[in-house]
Amino acid sequence: MPASAAAISDTIQTASNKGHNTPLWRLIPEVWSMIRPGPAIIIGGFLLMGVNRVSGLVIPFLTKYFIDGILYAHRMNLLWPIVCTVFVATAIQGVTSYFNTQLISKAVQRMIAEMRRRVQAHVGRLPIVYYDTIKTGQLVSRIMNDVDGLRNLIGTGMIEFFGNIVTAILAAAWLIHLSAVLTGIVAGMLLVFGFGLRKAFAVLRPFFRARPRIMAEITGRLTESLGGVRVVKGYHAESREEATFSTGVQALLDNVLQSLTTISLMSLFSTLVMGAISGLIMYFGGRLVALGHMTPGGFVSYSAFLAMLVAPVLQIVNIGTQVNDALAGLERTRDILSEPLEESDTRRVINIGPVDGYLQFENVGFAYDSCRPVLNDVSFAALPGSVTALVGPSGAGKSTIISLIASFYTPTSGLILVDGIDLSTVNFSTYRTQTGLVLQETFLFDGTIYENVAFSRPNASQQEVLAACRVARVDEFADQLKMKYDTIIGERGIKLSGGQRQRISIARALLANPRILILDEATSNLDSESEALIQQALVQLLEGRTTFVIAHRLSTIRRADQILVVEAGRVVERGTHSSLYASGGRYFEMYTRQHCLQEDLFLSPRADGMLGRSSTIDRQLSTKTLSIK
C-alpha cells in the first residue's frame, strides 16, 4: 500500500474510533443552540403541522360511523356530511402540507446558506497554526457538506419526526377510548420495539460520525491530487494516486455497508413487530367483535387508528437515520466553530497606528510543536527604512522569522517589538494592513490580472493599480495579451509562467503601499534581465519602508543594510556584505561556494558531466578560497 494510502487508512481508523461518546440527548440542545432557528418559523411550522396531522385523522375517525351508521344501520342522512367532511379534511391537509413545505424548506435553505457563511467566516479567521494541521479539502468539506444536515434536522426530518409524535399521541388517545385491552397489547409490543431501536442507534452513531470524516479525508487528498496533476503525471504516479483514492473510497464503502447492515436489521425487526401486532389485533379484536364488546365499524376504525400509531413509530427507523447523519455533520460543524479565533487572543488589545517600521527581535524562540524548536534566542534590530536580508541553508529558520514578522505566529519565548510595542499585544488587523508580502510560493486566484493585483487594495484607483504593474514589469507581458489586464489567468495562475506569476505577486504587494515589506525569494523565478529591472525599481520603492528579504542568490542582496546568516535556528553572523565577506566566516564560505559553482557550471563544455564532477568542484572551491584569502 502506498504511504499516502496508509496515511488515509490511519486517519479513517482514528475517525471511526474518535469522539462518539457525547450522549445524543446532550448533543441535540447544543446543535439546536448553534443553528438558532427563528421562533416564527418554528411556531408557524408546528401550528401547520398540528393542523395537518389532526385533519389526517378525520378519515379513520369517520370510518366507524360510516360502517356502523350507513352500511349496517342504513342511515343515509349521514352519508353526505361524512363525504363533505372527508373532502374538507383532505383539502386542509393538502394546503397545510404545501405551506409547511414552503415555510420550512425555504427557511432551511436560508439557514444552510447562513451557516456556510458563518463557518467560512470563522475558518477564515482561525490562526495559521490551525491550517498547518488540516487539509484544504477537509475544510471545504466541512464548510459545504457538514451543514447540509440542517435539511433533515430542521426540514423534512424534523417535520416528520414531531408530526409522527403528534399523530401517535392522538391515535393512542383514541385507541384507548375504543379498547384499553387491545391498546395495552400494542403498547407492550412497541416498548420491545423501542428498546431494540435504542440499541440499534447506539451501534449506528459511530458510523455516521466517522462517515463525514472519511469523506473529508478523501476530498482533501483528491483536491491535492488534482491540484498537483502536473507533478503526478511528471512522475508517472497516476496508479499510486488511484490506489490512494481507492483506499479512501473502500473505507467509505465499508462504512456505508456496515451501517446498511444495521439499518436492514432494524427494518427486519420493525416488520416482524408490525406482523406480530397485526396478528394479535386480529385475534383479540375478532374475539371482541364476536362477543359483542366491539362493533365491526369500531374494529375497522381501531385498525385504521392503529396504523396511524404504528406506522409513524416504524418510520422512526428512517427518520432516526437521517437525524443521526445530520447530527454527525453538525457536531463536526460545532467542533470547528468552537476553535478559538485568531483575534480572540485577549492580549491583542492595542490598535496600532501608522508605524515607522522599527522592528526588534529580543531572544525570540519558536517551535511548531514542543518537540521541535525552530528558532533559538534570535535577536536583531531593523531600523525604519532599512533592508534586512536573511540567508542560510534550507530549513535554517529564515521563513519562520519572516512568518513571525508577518504575525502569522506568536513567539514561544522572547519578544518581537514594533516601534517599541510588543507585537503579541497588537490587534492583527491594525498591523497587517501595514505589511506587504511576496512569498516564495506565489499564490494567485482564478481571475483576471487586474483583480489579482488589486486584491491587496480593492479600493485602489485604476491608475494606482497600473502604476504598481509598471514598477513590477507586469505591463511587459500584460500589454501583449489579447485581453490585456482582463485576461483570466486560471487557477493559481496556471496560464502564466512562473516569472509572470511572481511579477503579479510583487505588483500586488507594491499596491498595498506597506510600511513593512516582506520579500521571500521574490525574484527567484525571474530571468536575469527581469530581475535586474525589478531590482532597479525596488531600490526606489523600498526607500522609507522597512524591508525583509530572503534570497538564495547572494548577489541580489549585496546592497542590504544588514545581512543575517541563519543556521539551525540561530543568527550566527550579521553585518553588511562587505564586512561579512571580509570576516571570512560562514557568509564568505556561502558566497564563495555559490559563485564558484555558478562559474564552474557556466564554463563547463559538457552539460552531462555534472554527476561525476563533484570532486573537481570541491578542489576548485578549495583552490579559489585559498587564493582569495
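Arg117 counts as exposed, at 52% relative accessibility, where exposed means over 50% relative accessible area, buried under 20% and partly exposed in between (1.4 Å probe, protein chains only). Glu114 is partly exposed, with a relative accessibility of 45%. In this predicted model, local features need pLDDT of at least 70 and side-chain atom pairs count only at pLDDT 80 or more, while totals for chains, interfaces and linings use all residues. Residues are numbered from 1 along each chain as its sequence is written, and side-chain values use heavy atoms, with hydrogens and water left out.

Glu114 and Arg117 form a salt bridge, with the closest N and O atoms 3.2 Å apart; a salt bridge is defined as a side-chain nitrogen of Lys or Arg within 4 Å of a carboxyl oxygen of Asp or Glu. Both residues belong to helix α5 (residues 79–124), where a spacing of three residues separates Glu114 and Arg117 by about one helical turn. Helices (H or I, at least four residues) and strands (E, at least two) are DSSP runs, numbered from the N terminus.

By the salt-bridge rule, the count comes to seven. Arg586 takes part in a salt bridge with Glu567, the closest N and O atoms being 2.3 Å apart. Arg586 lies in helix α21 (residues 586–603) and Glu567 in strand β9, so this pair ties together parts that are 19 residues apart in sequence. The side chain of Arg586 also meets that of Glu589 in a salt bridge (3.6 Å, N to O). Glu589 and Arg586 are three residues apart in helix α21 and thus separated by about one helical turn. Arg586 is partly exposed, with a relative accessible area of 29%, and Glu589 is partly exposed at 45% relative accessibility. A network of salt bridges links Arg473, Glu476 and Arg503.

Strand β9 (residues 562–567) runs parallel to strand β3, to which four bridges join it. Strands are taken to pair if DSSP finds at least two bridges between them. Strand β3 (residues 387–391) also pairs with strand β8 (residues 546–550), in the parallel sense and over four bridges.

Strand β3 is mostly covered, with five of its five residues buried. In a regular strand the side chains alternate between the two faces of the sheet. In β3, Val387, Ala389 and Val391 point one way, whereas Thr388 and Leu390 point the other way.

Gln562 is found in strand β9 and counts as buried at 14% relative accessibility. The Gln562 side chain makes a polar contact with the side chain of Thr388 (3.0 Å). A polar contact is a pair of N or O atoms within 3.5 Å; within protein, one must be able to donate a hydrogen and the other to accept it, and residues adjacent in sequence count only if both atoms are side-chain atoms. Not counting residues up to four places away in sequence, Gln562 touches Phe380, Ala381, Ala382, Val387, Thr388, Ala389, Arg574 and Gly575, contact meaning heavy atoms within 4.5 Å.

The protein has 22 helices and 10 strands. Of its 629 residues, 44% are buried.
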